[in-house]
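Dear colleague,

Please find the structure below, together with its sequence. A short account of the findings follows it.

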Amino acid sequence: MSFELPKLGYAYEALEPTIDAKTMEIHHSKHHQAYVDNLNKAIEGTDLDGLTIEEICRTGVEKPAVRNNGGGHFNHSLFWEILTPGGSKEPVGSVKAAIENYGGFEKFKNDFSEAAKTRFGSGWAWLVKNEDGSVSVTSTPNQDNPLMPVADVKGTPVLGLDVWEHAYYLNYQNRRPDYVSAFFDVVNWDKVEELFNK
Ligand code: MN3
């Protein structure tokens with residue numbers, strides 16, 4: 001069984017002006033496709049073949065090709081899902097309550113933005129659900145994620161932001177902070193809530 005590139009629930013241009021159509025097209029159809037293809041090659045004929053992408057991230061990332069491409073596939077699949085044209089402005093439901101306990105939406109936004117802006121080089125910023133139902137903010141290098149045993153903060157990712165230059169360079173060039181603050185305009189908090197309750 002091999003992994004496939006997921007279809008987006010919106011058009012490439014639908015997230016403009018936050019994320020431009022060309023960036024979305026290259027990011028989804030080239031970068032993510034390459035992670036999928038290379039992951040399939042890396043697991044073919046191994047005992048990882050047949051596991052879910054979450055299982056692979058949790059247990060199978062000793063091999064660099066699996067870590068990089070398995071992470072790449074999981075991370076991007078989540079990223080596309082938590083974006084939506086126009087965004088939904090604020091957290092809802094259980095994740096809203098968890099963010100209140102964390103210190104509130106403003107504190108979360110500040111900490112998440114700081115994590116995204118200060119991640120040196122390529123990587124991701126995350127909101128993760130901990131086992132006790134609380135939330136933490138963290139970041140990971142490259143295509144690592146909080147499901148992986150190698151992560152500093154482990155938990156279930158419910159919101160992620162790609163801060164690789166390929167995610168924003170066409171529109172924002174070196175202005176990663178502008179990309180990070182614009183990101184909040186297109187977050188799908190209903191989807192974050194769904195992931196939180198899974
Ligand atoms: Mn990317």
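Predicted model: local features only at pLDDT ≥ 70, side-chain atom pairs only at ≥ 80, totals over all residues.

Residues are numbered from 1 along each chain as its sequence is written, and side-chain values use heavy atoms, with hydrogens and water left out.

The manganese ion has as protein donors H27 (NE2), H76 (NE2), D162 (OD) and H166 (NE2), at 1.9 to 2.1 Å from the ion. Donors are N, O and S atoms within 2.8 Å of the metal (3.2 Å for Na, K and Ca); water is not among the atoms, so sites may look incomplete. Along the sequence, the donor residues follow the spacing H-x48-H-x85-D-x3-H. H27 in helix α1 (residues 21-43) and H166 in the loop between β3 (156-162) and α6 (169-172) are 139 residues apart, and the pair links distant parts of the chain. Helices (H or I, at least four residues) and strands (E, at least two) are DSSP runs, numbered from the N terminus. H27 and H166 are both buried (under 20% relative accessible area, 1.4 Å probe, protein chains only).

A pocket is an open set of points on a 1 Å grid over the protein atoms alone, where a 1.4 Å probe fits, with protein on both sides within 12 Å along at least five of seven lines; lining residues have an atom within 4 Å of a point. The largest pocket holds about 290 Å³ of space, a volume being the space filled by probe spheres set on the points, which are joined across faces, edges and corners. E54, F74, L78, L195 and K198 are the closest to its centre among the 13 lining residues. Helix α3 (64-81) gives the largest share of this lining, five residues.

With kind regards

Technical notes: Buried < 20%, exposed > 50% of the residue type's maximum accessible area, 1.4 Å probe, protein only.
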